[in-house]
Amino acid sequence: MKFPAFLFSLFLSRLADQILLFLVPLVVFQVTQDVAWSGYAFAAETLPRFLSFPVCGALCDRVSPLKLLRGSQIFRALACMLGVLANEAMGGIWWLVGLSAVCGVLTTQGMMAREVMLPQIASGTRGLGFDKVLAYAQTADQTGMVLGPLLAAALIAVWPWQAAVCAAAALFLLADVATAWWRRGNPVELHEPQGEPGQHLLKPIATALGHLLRLPGLLRLTMLTAGVNLMLGTTLASSAAMVTGLHQRSATYYAGLQTLGAVATIVILLAIIRGSIALKHMGITAYLLILAGGLLTAASTSHWGYAAGFLLVIGFDKMFSIYIRIHRQRIIPAKDYGKTTGVIVLLNNLTQPLAGLIVGAFADATQTRGVIFSVCLLVGAIGIVAAVVASRSAAAAAEP
């Protein structure tokens, strides 16, 4: 079984994607010298990724996820090359933004295709449960996220941004080669989609929403994930101001803290791979530690306490993600897994931009800690409600 080749493909794809994510706001700011335009460019790059989850998820129930995955990698490489050629022919920084927006949608398609494939890969892999397969995949993904910006910074230090984009294109192509190599030596039988090709595009989304409301436990899991993402989004949106403002640390310290967060995530994922943590304990532990981390970032008067809280929130987010994805895979019917997961991921991630808006609207240098504490109270309330609902559902199921 060539599962490492699949992980290597995931790593290369994420590495290339992070290069593009790093380049857009930086290059736009370097050219325009305007922070606002840099922010608008980042929004134009990331919003299509965010909005395309339901459509990409529905496609995974109609078309072979493997074909969609390979297509996303090949077309991302092609978009990078066409964007660079168009820039050389006509000029203009917005070719970079445009190619990144296109690559963002294709990245979402690749992510959803892998999400649909992973349960099938786990079922056909001896000695690896779904939790271990997810942990391996998250580790490869997280490693690419850490190294991507570092590689991008190194590339543009010696070459123009066009060369960095060409390097990203080469990485996407290498990712597809690794996928093809994995598939050639992979004995796992991947199920063909069972969806109806003639359905209107809104029908799969309606089906997904129906599952969300009717399948036992799915709405509760979605609420919990939305709460975790609200905590994560609030932490990320306020971290620069808290570290460099309230705690008066340097930009270098802040960058180091971000790196430590990524390292903590990888360490926790490796612990899941090496150990055997009960699924229920994994979810409860991750949720409580993320909440505790949020409270530490709000209450701590020292930068050490803030750093500890930040690392708890960032580090245990991926553990909670594994817990949620395993539960989701058990609840959602296989034939509707793509469309339902796509809609749920969209709903889960709505709270991250909401967190940014909350921090921006209600927090200044003196109010940020109060805003974080209020978010912690809300996240705690969501957890209590979810626990009560789960307890009542279990009691009702136990009654004769």
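This is a predicted model: local features need pLDDT of at least 70, side-chain atom pairs count only at pLDDT 80 or more; totals for chains, interfaces and linings use all residues.
Visitor: Where do nonpolar side chains tend to be in soluble globular proteins?

Guide: In soluble globular proteins, they tend to be buried together. In this model, the largest nonpolar core has 103 residues. Helix 1, residues 3–32, gives the largest share of this core, with 15 residues.

Visitor: Which residues have the most contacts inside the largest nonpolar core?

Guide: They are Val165 and Phe320. Setting aside neighbours within four places in sequence, the contacts of Phe320 include Leu224, Val228, Tyr287 and Ile290. Gly283 and Ala286 are also among them.

Visitor: Is Ala86 buried or exposed?

Guide: A residue counts as buried when its relative accessible area is under 20%. Ala86 has a value of 11%, and therefore it is buried. Ala86 belongs to helix 4, which covers residues 65–90.

Visitor: Which residues does Ala86 touch, not counting those up to four places away in sequence?

Guide: Ala86 touches Gly91 and Trp95. As for Leu96, it lies 10 residues from Ala86 in sequence, and the two C-alpha atoms are 9.6 Å apart in space.

Visitor: Which residues make the nonpolar surface patch?

Guide: Leu213, Leu219, Met223, Val385 and Val389 make a patch of about 430 Å². Two elements give two or more residues to this patch: helix 9 (218–246) and helix 15 (368–398).

Conventions. Residues are numbered from 1 along each chain as its sequence is written. Side-chain values use heavy atoms; hydrogens and water are left out. Patches are made of residues with over 30% relative accessible area and no salt bridge: like charges are joined within 9 Å, nonpolar side chains (Val, Leu, Ile, Met, Phe, Trp, Tyr) within 5 Å. Accessible areas come from the Shrake-Rupley method with a 1.4 Å probe; for residues, only the protein chains shown count as cover. A salt bridge is a side-chain nitrogen of Lys or Arg within 4 Å of a carboxyl oxygen of Asp or Glu. Helices (H or I, at least four residues) and strands (E, at least two) are DSSP runs, numbered from the N terminus. A nonpolar core is a set of buried Ala, Val, Leu, Ile, Met, Phe, Trp, Tyr and Cys residues joined through side-chain atoms within 4.5 Å. Buried means under 20% relative accessible area, exposed over 50%, partly exposed in between (1.4 Å probe, protein chains only). Contact means heavy atoms within 4.5 Å.
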